[in-house]
Amino acid sequence: MRIPFSTCDVLASALTFNKFVLNKTMKSCKVNVANSRRLRKGDQVDPDKIISKVGLPCFIKPTDGGSSFGTTKVKTREQIIPAVQEAFKENDEIMIESFMQGTEVTNGYYKTRKREVKLPVTEVVPKSDFFDYDAKYNGKVEEITPARIPDKLRDRIQDLTAKIYDLIGCHGIIRNDYIITDGDKINLLEVNTTPGMTATSFIPQQIRAAGMNLTDVFTEIIEDSF
């Protein structure tokens, strides 16, 4: 359509939008991810096989979607079938993923022809059982920028975000979500190629924490797209 845009192209956007495909792609690139399996409508659901594959607790969610719609943290065998049914209300394809106990963080990044910008890391501390809709949009979360982590771990997270950016072939600004387990193991949760940009969203928070101006950042990215 010859309309300029400042975000990722079709391939990178599609790859990151499907959480299961992203999970398997990143695993093949030696990036740590949760164990997972995919179900499509019509597939037989065997709770025992699911538990043997991903264990308990686990998350059941749509592969395509956001804002934690249709997402359930499952703690018992009896919760699996209802959680699968709930996820299928949002999409015809769902993902079952191992639970990883640790510290959740998120990190923004962008690159232009002139430079790369590694934004500060934000620590995400939900007040509920996980980072669900209420935590994301109703303030039931503590968001700490910069994150309370060692500098070496921060640097590794930022370097991994930059690596994934290039592996996928991203453009514009992205935000990667991670879980830190065992003190310093970085596990990718997902890549957001069109991250939220409200006043309280993570990217604006990180830009402010870096001493930068949102308008200047957007101007830089947009002008680099021409």
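Analyst: Two residues are in contact here when they have heavy atoms within 4.5 Å. In this predicted model, taking the contacts of the protein chain between residues at least 6 apart in sequence, 61% join residues at least 24 apart. The chain that these contacts run through has eight helices and nine strands, and its radius of gyration is 18 Å, close to the 17 Å that the globule rule gives for 226 residues, so the chain is as compact as a globular protein of that length. Along the principal axes, its C-alpha atoms fill a box of roughly 50 × 45 × 35 Å.

With that setting in place, the cysteines can be taken up. A search of the whole structure finds zero disulfides, a disulfide being a pair of cysteine sulfur atoms within 2.5 Å. For Cys-29, the closest cysteine sulfur is that of Cys-170, and because the two sulfurs are 12 Å apart, they are too far from each other for a bond. Cys-29 has a relative accessibility of 25%, so it counts as partly exposed, a class that lies between the buried limit of under 20% and the exposed limit of over 50%. Cys-58, by contrast, is buried, with a relative accessible area of 0%.

Cys-58 thus belongs to the buried residues, which make up 45% of the 226 residues in the protein chain. As for the surface, the protein chain exposes about 11,900 Å², and carbon and sulfur atoms supply 50% of that area.

Conventions. Residues numbered from 1 in each chain as written. Predicted model: local features only at pLDDT ≥ 70, side-chain atom pairs only at ≥ 80, totals over all residues. Heavy atoms only, no water. Helix = DSSP H or I, 4+ residues; strand = E, 2+ residues; numbered from the N terminus. Rg over C-alpha atoms; globule rule 2.2 N^0.38 Å. Buried < 20%, exposed > 50% of the residue type's maximum accessible area, 1.4 Å probe, protein only. Areas by Shrake-Rupley, 256 points an atom, 1.4 Å probe, with all protein chains shown as cover.
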